[in-house]
Amino acid sequence: MTDNTRKITPERLRSRWWFDNPEHPGTTAICIERYMNYGITLDELTSGKPIIGVCQSGSDLTPCNRHHIELVKRVKDGIRAAGGVPFEFPMHPIHENARRPTAALDRNLAYLGLVEVLHGYPLDGVVFTTGCDKTTPAALMAGATVNIPAIVLSGGPMLNGWRDNERVGSGTIIWELRKRLAAGDIDYDEFLARGADSAPSVGHCNTMGTASTMNSMAEVLGMSLPGSAMIPAPYKERPIVAYQTGERIVEMVWEDLRPLDILTREAFENAIVVCSALGGSTNAPIHINAIARHSGIELTNDDWQALGHEIPLLANVMPAGAYLSEEFHRAGGVPAVVHELLAAGRLNGDSLTVNGQTLAANVQGCETRDTEVIRRYDNPLVEHAGFLNLKGNLFDSALMKTSVISREFRRRFLEDSEDPNAFESKVVVFDGSEDYHARIDDPELGIDERTLLVMRGAGPVGHPGGAEVVNMQPPEALIRRGIESLPCLGDGRQSGTSGSPSILNASPEAATGGGLALLEDGDRLRIDLTSGEVRLLVDDSEIMARRERLEKAGGYRYPDHQTPWQEIQRGLVEPLDRGMILTTATQYRDVARRSPPR
Ligand code: FES
Ligand code: MG
């Protein structure tokens, strides 16, 4: 399937510039002697074998990816068996749960580091090891920018968590336990013990959070071997696919099969459709739009609504469903979902993938093996599972994951309003998560079961990287009365493991002039899920007056930078709907070909 006219010969390998370059004998000499000093032979460096980077994302700081420390041994075995030479190198660590102020701050930092490594070192191809949320988009963004042959290897999800004969999903359980702790049902020790049940083995989150979503997206985009994304980390198939990934990257070098051959508009459209059917993370549009823009494709949140909203929910996996990644894998994983959507005419089957075959060819015969876990297209869990892209007089874009709107929520907000798809609420506004935690239980705020909570100052500039704080828990007093959720709106993000139907990623954010900065406690908002409009119900003249007052006061205030990178990123970062990428970075697409080493 790949274009054979582009075949690479040993003399044309990129690494020759470093290892066999009579025009720069000094460079060649210092590279060869130094890479030999730990045992690499002269023959390995100079006899025309592809040099393959193995990007190691696992470390003691990144537990979700730590399994790759073992897995890359099999990747390297595969590379050697296929005639290549592996060079392992570290990726900047990104761990979702521990990194402060947020792991999202590091996606662009890891991306920058990878671009420099892939561009500046003697690499003919690269295997990206991925897992925890931001490691996958950082790798794919760098792959698109540098555009040397590249393949993504997920470390795989953890085994299912269990307690009292019930599945316990990582991340998702924490949101539930927090409410039980607030309600006084459990104490701190039980909270910690129950949380730990959700993570019983190596691997990334076993729910359809951002990690499972993004690794599934890598497979759907065509950047991972078919069927590989969701093999649980401890299963024997995992090191087997690691070996096959190593073999395949060497072939890809000879075929000159590069990311930008694979990352086409059709591939991104497929990603939107499959993400919807998976009940994927609300972080996916940010990352997929970012990868697309680094691939030269303008993908917007309007595309997400147009292509994704109507897609039914097929994956019965938490947080939108009931099962976890072991059942999902056993039922056929991503290929079974793709198979179902292809049969329904929803995907571009001709998209090329890293194995040189099309998406359609890769999933032939991959029917769902368990129709309870991976549903048939005509018997879905939810009819319209994709995101709505909401707009109005406060922001240009904000997403809502409609697949997780609960019956109880519908009853409380939608059923007794005139229009069963619209509601009005008064708002209470918080400026960042510290403000929320300090004041949420203050009875003076008058929060009741019809209040809409607003979080601002949580976008990529207000809270460097954008905080996952929009899904706010109601005050304890309401939880004790059985009100477990309130509608939330904000310019920050929300964890992919949360099942809350928040309106999030509002762009532009308050810190860069977005309208959320103008909201005041007690304002009323109208949210219309049919027209997709969120409207502040005050006169335009009042909105203008508030804007003038804010500008006179010097604009929306946010905390100072804590580190140099926070300052640099704040100066360059684009809004969440534009992928939160660094604004000048897209100019460097295909840099390995456009700008050879010197
Ligand atoms: Fe790392 Fe979920 S916290 S994958
Ligand atoms: Mg997260």
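Two strands are taken to pair if DSSP finds at least two bridges between them. On that basis Cys-55 in this predicted model stands opposite Phe-128 in strand 3, and the description below starts from the strands around that pair.

**The parallel sheet**

Strand 1 and strand 3, the latter spanning residues 125-130, pair in the parallel sense over four bridges. Strand 1, which covers residues 51-56, also pairs in the parallel sense with strand 2, residues 85-90, and here the pairing runs over six bridges. Within this second pairing Ile-51 stands opposite Val-85 of strand 2. The two strands belong, together with helix 4 (residues 68-81), to a β-α-β unit that is right-handed.

Seen as a whole, the sheet is open and consists of four strands in the order 2-1-3-4, with parallel pairing. Its edges are formed by strand 2 and by strand 4 (150-154), each of which pairs on one side only. Neighbouring strands of the sheet are turned against each other by 20 degrees on average, when direction is ignored. As a general point, the side chains of a regular strand alternate between the two faces of the sheet.

**The annotated region**

For residues 49-362, UniProt lists, in an unreviewed entry, "domain: Dihydroxy-acid/6-phosphogluconate dehydratase N-terminal".

**A helix pair**

Two packed helices are described by the angle between their axes and by the distance between the axes. For helix 9 (residues 210-220) and helix 13 (residues 284-294), the axes come within 10 Å and cross at roughly 35 degrees. The crossing of helix 9 and helix 13 is right-handed. On the side of helix 9 the contact is made by Thr-213, Met-214 and Met-217, and on the side of helix 13 by Ala-284, His-287 and Ile-288. The residues of this contact divide into four nonpolar and two polar, with no charged residue among them.

**Strand 9 and its partners**

Strand 9 (residues 422-431) pairs with strand 13 in the antiparallel sense over five bridges, and in this pairing Glu-424 stands opposite Arg-526 of strand 13. Strand 9 also pairs with strand 10 (residues 452-456), in the parallel sense and over five bridges. The bridge partner of Val-427 in strand 10 is Leu-452.

| Strands | Sense | Bridges | Residues standing opposite |
|---|---|---|---|
| Strand 1 and strand 2 | parallel | six bridges | Ile-51 and Val-85 |
| Strand 1 and strand 3 | parallel | four bridges | Cys-55 and Phe-128 |
| Strand 9 and strand 13 | antiparallel | five bridges | Glu-424 and Arg-526 |

**Backbone features in loops**

A cis peptide bond joins Arg-100 and Pro-101, with omega at about 5 degrees, and Pro-101 is found in the loop between strand 2 and helix 5 (104-120). The peptide bond from Ser-507 to Pro-508 is likewise cis, with omega near -5 degrees; Pro-508 is found in the loop that lies between strand 12 (503-507) and strand 13 (524-528). Asn-165, although not a glycine, has a positive phi of about 65 degrees, and its place is in the loop between strand 5 (161-163) and strand 6 (166-168).

Definitions and conventions: Residues numbered from 1 in each chain as written. Chains lettered and ligands numbered in written order. Predicted model: local features only at pLDDT ≥ 70, side-chain atom pairs only at ≥ 80, totals over all residues. Axes fitted to C-alpha atoms, helices over the stretch in contact; angles between N-to-C directions. Left-handed = near helix turned anticlockwise from the far one by under 90°. Contact = placed C-beta atoms within 7 Å. Nonpolar A, V, L, I, M, F, W, Y, C, P; charged D, E, K, R; others polar. Right-handed = clockwise from strand over helix to strand, strands pointing away. UniProt positions renumbered as here; feature names shortened; annotations may be inferred.
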